[in-house]
Amino acid sequence: MTQRATVSVPGVVLRAVLVLAVATGCSRESQVGTQSDEIREHVFTTGRQAAAHMEREYAELGVSVVHFPEQDRWTDCGEDLAADTEVPDAIQWLTTWQFTFDTRRETASLIDEIGAVYVADGWEQGEDSGSGTGRLVTFRRDGYVMLWGGDRAVDPDRATLLGLTVAGPCAPAPQDIREWTPEPEPAP
């Protein structure tokens, strides 16, 4: 079941979002609006497909999909950051998802199982890092990045979490980008 988020993104995934803008690089191509729209749709579709996969494959663990539609967004990834009222040179699209589990468990090892599916589909596993309590693993394909974050141990004071951020490559920003707003989630 997909539900609206009322909790924040796991800290380890949120910190990693900042790394994605640097990690995916910028491209300077024509057809700015179309390119940006195609990248946005691919990023958001990849997030939805990952959520559907989690619901199918981890139902026995009582997985709940929590989507953050207000965090489906673009971020400035140009060489010179634009002021809040200016159009940036380049943007990167991001979508964020969180998965909670009824069964209390560590979730860092689930990233290996999940990642194997994406590697078989042509994604390349990248950096495997994190702190002593969390683990972050990146997967890349065609300029897109999936970043999965999980907990190395069970924390009795909070829900069992697994986080996902999907980011597209940097692309030239459409002139009307400041007018874009996320679409609301449809009612269940």
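Trainee: Which residues does His 53 touch, not counting residues up to four places away in sequence?
Mentor: Let's start by placing His 53, which lies in helix H2, residues 32-57. This is a predicted model in which local features need pLDDT of at least 70 and side-chain atom pairs count only at 80 or more, while totals for chains, interfaces and linings use all residues. Numbering runs from 1 along each chain as its sequence is written, and side-chain values use heavy atoms, without hydrogens and water. With contact meaning heavy atoms within 4.5 Å, the partners of His 53 are Tyr 58, Val 117 and Tyr 118.

Trainee: Is His 53 buried or exposed?
Mentor: The cut-offs are under 20% relative accessible area for buried and over 50% for exposed, with partly exposed in between (1.4 Å probe, protein chains only). His 53 has 10% relative accessibility, so the class for His 53 is buried.

Trainee: Tyr 118 came up as a partner of His 53. Which residues of helix H3 are buried, and on how wide an arc do they lie?
Mentor: H3 covers residues 110-120, and its buried residues are Leu 110, Ile 111, Ile 114, Gly 115 and Tyr 118. An α-helix has 3.6 residues a turn, so residues three or four places apart point the same way.

Trainee: Now to Trp 93. With which side chain does the side chain of Trp 93 make a polar contact?
Mentor: Trp 93 belongs to strand S4, residues 90-101, and counts as buried because its relative accessibility is 1%. Residues that touch Trp 93, beyond four places in sequence, include Ile 39, Phe 44, Trp 74, Val 166 and Trp 180. A polar contact pairs N or O atoms within 3.5 Å, one able to donate a hydrogen and the other to accept it, and sequence neighbours count only if both atoms are side-chain atoms. At 3.0 Å, the partner of Trp 93 is Ser 36.

Trainee: How far apart are the C-alpha atoms of Trp 93 and Ala 171?
Mentor: Along the chain, Trp 93 and Ala 171 are 78 residues apart.

Trainee: Which side chain is joined to that of His 67 by a polar contact?
Mentor: His 67 is in strand S2, residues 63-67. With 5% relative accessibility, His 67 is another residue that counts as buried. The polar contact spans 3.0 Å, and the partner of His 67 is Asp 72.

Trainee: Finally, the whole chain: how many helices and strands does it have?
Mentor: Reading from the N terminus, the elements run β-α-α-β-β-β-α-β-β-β-β-β. Among contacts between residues at least 6 apart in sequence, 71% join residues at least 24 apart, and 47% of the 188 residues are buried. Counting DSSP runs (helices H or I, at least four residues; strands E, at least two), the chain has three helices and nine strands.
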